[in-house]
Amino acid sequence: MNNDKQQSAEELQQLRQQIDAADADLVALLARRRQLTSAIGAVKKKLGEPLYVPGREVALIQARRQQAEEQGVAPDLVEDVLRRIIRESYRSQQDHSSQTQGDASRPILVVGGGGQLGSLFVRLFRASGYQVIVVESDSWAAAADYWQHAQLVLVSVPIQVTTEVIKQLPELPQDCILADLTSIKDKPLTAMCEQHSGPVVGLHPMFGPTIKNLAKQLIVVCEGRSVEHCQWLLSQLENWGAQLHQVSAPAHDKSMAFVQVLRHFSTFVYGEHLAAEQATIDELLSLSSPIYRLELMMVGRLFAQNADLYADIILASPENFAMIRRYLQRFDAILSELEQGNRDAFITRFAALREFFGGHAEQFLRESQQLLQAADDLR
């Protein structure tokens, strides 16, 4: 028996060495693929092609899923690995982004370009060959020679001062695009149209400033005036890999009340409640399955970020408070039903809400399972 164990141990060691060798081959293949994607990025720059081409990615993944199935490998595993590799390849291609139809001889002024989000766009424009001037309050006068030749003025300042800053802008060339990056759109867009008679567009990047590139990132576009003359800017955003979604400014702000305001406020109060109840985060984590760990992570990440930004988003409109009040009233009403032991009322509401979400409920369930697998890998 001892001899059999010795042979099995030697076999196990040999198999582990083969796995190590296979893993080393994988690393070498990844390095080769990175070289190829970097070369592709250089060619894309010459051709003026965008960083992210959805159809190409879909076709690539479908082909590899089929190959995986034919070779007895889980297609979902192959897709997970490929998506992670593709995400890394976008990062290696970002520096090769080309310039669209903008005029390289005319400057782009980024007001607030020293901030986190503003500096991201400064880096992107410069990497694509544009002349970029960063304008802050202490360099406003020094930029006097650039305002009159600007092809784009991009305002990226805190929400509470955005309208005030826009009103202080000097007269701009008639064909200059005036745009902003604020997370509310109606008031800034109105202010820009009043201040500038040329093309105006409102932009809301639905991502934070720490991203490495714009591949697959969503930017909401709200038309102000002469959007057809803003096309080179929109094309540039798409060239960087962004996905654009056009919507009216009022519709944007109404949706953001749910997407941002209500979620941020609820998350903040949840964190406040944990602290007031003296919950132990480490203990909660040790008792959490992946779904609860993920939810706790989404709460905790809020407090690792800029408090001013979230305060400004919540305080951006008095209508936000009315909407939150309605939420609290519904919260209280449902709680009262449950306190009275009205189980049937809860189940009836649940069924109605299931119908409200429709097919999205099953879709969200499938997509969340993928997130949970990633969260479980972090344990």
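Reply: Gladly! Let us start with pairing: two strands pair if DSSP finds at least two bridges between them. Keep in mind that this is a predicted model.

Me: How do you know that β1 and β2 pair?
Reply: The cut-off is at least two bridges, and strand β1 (residues 108-111) and β2 have 4 bridges in the parallel sense. So they count as a pair by that definition. Within this pairing, L109 has I133 in β2 as its bridge partner.

Me: Which sheet do these strands belong to, and what is the strand order?
Reply: They are part of an open sheet of 7 strands, ordered β2-β1-β3-β4-β5-β6-β7, and the pairing is mixed.

Me: What makes a strand an edge strand here?
Reply: Pairing on one side only, as with β2 (132-135) and β7 (243-246). From one strand to the next, the twist averages 25 degrees.

Me: Which helix packs on the sheet, and which strands are touched?
Reply: Helix α4 (residues 116-127) does, touching β1, β2, β3 (152-155) and β5 (200-205). The direction of α4 makes about 165 degrees with that of β2.

Me: Why is α6 called roughly parallel to α7?
Reply: The axes of helix α6 (residues 159-167) and helix α7 (residues 186-195) cross at roughly 5 degrees and come within 9 Å. Angles under 35 degrees count as roughly parallel, so the label applies to α6 and α7.

Me: Which residues meet between these two helices?
Reply: On the α6 side they are T162, T163, I166 and K167, and on the α7 side K187, P188, A191, M192 and Q195.

Me: Why is N320 called buried?
Reply: Buried means under 20% relative accessible area. N320 has 7%, so N320 is buried. This residue is found in helix α13 (residues 318-339). Leaving aside residues up to four places away in sequence, N320 touches A257, V261, I313 and I314.

Me: What is the domain assignment of the chain?
Reply: It gives domain 1 (1-93), domain 2 (108-247) and domain 3 (253-341). The centres of domain 1 and domain 3, taken over C-alpha atoms, are separated by 39 Å.

Me: What does UniProt list for residues 106-368?
Reply: An unreviewed UniProt entry lists them as "domain: Prephenate/arogenate dehydrogenase". In the model, that span is 56% helix and 13% strand, and its end C-alpha atoms lie 46 Å apart.

How values were computed: Residues numbered from 1 in each chain as written. Predicted model: local features only at pLDDT ≥ 70, side-chain atom pairs only at ≥ 80, totals over all residues. Heavy atoms only, no water. Domains from an automatic or database assignment. Buried < 20%, exposed > 50% of the residue type's maximum accessible area, 1.4 Å probe, protein only. Contact = heavy atoms within 4.5 Å. UniProt positions renumbered as here; feature names shortened; annotations may be inferred. Axes fitted to C-alpha atoms, helices over the stretch in contact; angles between N-to-C directions. Parallel < 35°, antiparallel > 145°, perpendicular 65-115°, else oblique.
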